[in-house]
Amino acid sequence: MSNVAFVFIIMFAGLLFSVPIGISLGTATVLAILCYSTTPSYIVIQNIFGGLNSFSLLAIPFFMIAGSLMGLGGISKRIVKFADALVGWITGGLGMVVVLASMIFAAISGSAPATVSSIGSMLLPQMEEKNYDKDFSTALVASAGTIGVIIPPSIPFVMYCIVASQSVGTIFIAGIIPGLLIGLALMTVCYFISKKHGYVASYTKKDRPKFWPVFRECIWAILSPVIILGSIYSGLCTPTEAAVISIFYSAVVGIFIYRETTFKIIIESLRSAGELNGQGNLAVGLSMAFATYLTTAGIPKKIGAWITGAIHSDVLILLAILGILLLVGCFVDNISSCLVLTPIFLPIVTSIGMDPIHFGVVMTVALAIGFCTPPFGSNLFIAAAISGLPIESIVRRIWPMIIAMAVCLLLITFIPQLSLFLVSLM
């Protein structure tokens with residue numbers, strides 16, 4: 001058996017028996033070194049600590065804490081109110097608010113599940129009161145939550161850059177237009193479905209609330225993404241430093257302005273971020289050891305040579321990679337998939353001339369669609385828990401949104417300037 005087959009059989013066997021992704025990667029790496037390499041096995045420990053010794057990696061727990069504080073401290077509530085003032089008067093207004101509020105909250109949390117939880121818990125009851133079908137409303141919340149990892153800041157973007165040795169600030173810029181494109185696509189789908197089923201606006205255009213009073217009330221919430229992204233793109237601070245600023249900003253606004261952040265909320269935010277980050281760091285460290293073994297053993301080159309030898313068209317190679325990413329996204333979470341697949345696919349796409357930043361956006365979007373596809377879409381489970389509906393009824397209504405996101409994925413893949421235009425300006 002070749003080392004290529006051996007390492008992937010061990011890894012997928014672990015995943016098949018529900019072994020955590022980090023342990024599966026670490027076991028495959030150690031056994032492959034023992035069986036196929038003269039390299040001492042303690043090199044795995046060095047690679048783990050080397051992978052975790054990253055300043056950029058600190059951004060992840062900080063953005064987790066900030067997103068939790070903003071969701072529980074009243075900021076997300078004001079974001080919803082502001083979005084309602086902007087688009088609530090359109091046909092299917094509350095559905096539009098779901099998407100727009102998710103886009104704004106995405107620029108704060110960097111997490112798809114956090115976006116679904118914060119926006120869905122506020123808007124699903126309101127949509128039910130306005131006679132929206134519950135399964136459609138829940139499907140829309142689940143699909144809109146995917147924008148949480150595309151519009152920066154994005155936790156999967158940070159993970160990709162750590163594995164691929166790319167600039168976090170650059171990929172943040174590259175994710176803006178794709179995130180807006182997906183948001184617009186979902187709003188378009190929402191409009192036509194609302195037109196068909198008679199879902200009315202939140203209010204008539206005549207009764208539309210005056211913009212400036214709402215803006216003044218929500219200004220502190222709206223400033224959150226402006227401060228986070230503005231500090232990064234202006235060059236004043238790194239993404240990690242911006243994440244720390246966002247924690248202090250959300251705490252100050254929640255405690256002294258909106259007066260909804262309590263000591264209990266702060267402790268809960270720290271606890272949940274600590275637990276999630278501890279689990280994630282184990283996977284990150286072991287994935288770096290896995291990636292190092294793959295590189296030193298020449299496995300990505302072997303896989304790349306096999307793919308390019310079997311498929312002679314660059315377009316077909318990209319379509320094959322997209323198909324694999326979409327399939328994997330149905331079964332494995334975004335971050336775990338990124339850790340495993342980046343060292344394999346990145347050398348292939350760069351060999352056909354694709355920019356690594358562009359590929360990072362494409363990979364994140366493709367895997368993000370898996371958040372709302374069965375059988376293991378995390379957004380589906382969170383939205384179902386909020387609404388109380390079975391997964392099956394949500395899945396029946398979510399396919400138009402998935403198709404819209406898949407079309408956006410193709411556009412993002414084959415029109416590189418959608419990702420790279422703002423990067424070129426910076």
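# Exercises on a predicted model

Phenylalanine 6 is found in helix H1, which spans residues 3-16. The structure is a predicted model, and the exercises below work through its contacts.

**Exercise 1. State whether phenylalanine 6 is buried or exposed, and find how far it lies from cysteine 35 in sequence and in space.**

Step 1. The relative accessible area of phenylalanine 6 is 15%. Buried means under 20%, so phenylalanine 6 is buried.

Step 2. Along the sequence, phenylalanine 6 and cysteine 35 are 29 residues apart. From C-alpha to C-alpha, the distance between these two residues is 9.4 Å.

**Exercise 2. Classify the ring pair of phenylalanine 136 and tyrosine 199, and say which parts of the chain this pair ties together.**

Step 1. A search of the whole structure gives 7 aromatic pairs. In the pair of phenylalanine 136 and tyrosine 199, the ring centres are 5.3 Å apart and the planes meet at 25 degrees. Planes under 30 degrees apart count as stacked, so this pair is stacked.

Step 2. Phenylalanine 136 belongs to helix H8 (residues 134-144). Tyrosine 199 is in the loop between helix H11 (176-197) and helix H12 (211-233). The pair therefore ties together parts that are 63 residues apart in sequence.

Step 3. Phenylalanine 136 has 0% relative accessibility and counts as buried. Tyrosine 199, at 3%, also counts as buried.

**Exercise 3. Do the analysis for tyrosine 160 and phenylalanine 359.**

Step 1. The centre-to-centre distance is 6.4 Å, with 65 degrees between the planes. An angle over 60 degrees counts as edge-to-face, so the pair of tyrosine 160 and phenylalanine 359 is edge-to-face.

Step 2. Tyrosine 160 sits in helix H9 (residues 155-164) and phenylalanine 359 in helix H18 (residues 356-369). These distant parts of the chain, 199 residues apart, are linked by the pair.

Step 3. Tyrosine 160 is buried at 0% relative accessibility. Phenylalanine 359 is buried as well, with a relative accessible area of 1%.

**Exercise 4. Find which residues form a cluster through ring pairs, and which ring lies under the charged end of arginine 78.**

Step 1. Phe82, Trp212 and Phe215 are joined into a cluster by ring pairs.

Step 2. The ring is that of tyrosine 258: the charged end of arginine 78 sits over it, 3.9 Å from the ring centre.

Step 3. Arg78 also takes part in a network of salt bridges with Lys77 and Glu260.

**Exercise 5. Trace the salt bridges of arginine 397 to aspartate 133 and aspartate 135.**

Step 1. The structure holds 6 salt bridges. One of them joins the side chains of arginine 397 and aspartate 133, at 3.5 Å from N to O.

Step 2. That pair links helix H20, which holds arginine 397, to the loop between helix H7 (112-129) and H8, where aspartate 133 is found. The two residues are 264 residues apart.

Step 3. Arginine 397 is buried, with a relative accessible area of 18%, whereas aspartate 133 is partly exposed at 31%.

Step 4. Arginine 397 also meets aspartate 135 in a salt bridge, at 3.1 Å from N to O. This pair links helix H20 to helix H8 across 262 residues.

**Exercise 6. Describe the salt bridge between arginine 271 and glutamate 268.**

Step 1. The N to O distance between the two side chains is 2.6 Å.

Step 2. Both residues lie in helix H14 (residues 263-296), 3 residues apart, or about one turn of the helix.

Step 3. Arginine 271 is partly exposed with a relative accessible area of 40%, and glutamate 268 is partly exposed at 34%.

Key:
Residues numbered from 1 in each chain as written. Predicted model: local features only at pLDDT ≥ 70, side-chain atom pairs only at ≥ 80, totals over all residues. Heavy atoms only, no water. Helix = DSSP H or I, 4+ residues; strand = E, 2+ residues; numbered from the N terminus. Buried < 20%, exposed > 50% of the residue type's maximum accessible area, 1.4 Å probe, protein only. Phe/Tyr/Trp six-rings, centres within 6.5 Å; stacked < 30°, edge-to-face > 60°. Lys NZ or Arg CZ within 6 Å of the ring centre and 35° of its normal. Salt bridge = Lys/Arg side-chain N within 4 Å of Asp/Glu carboxyl O.
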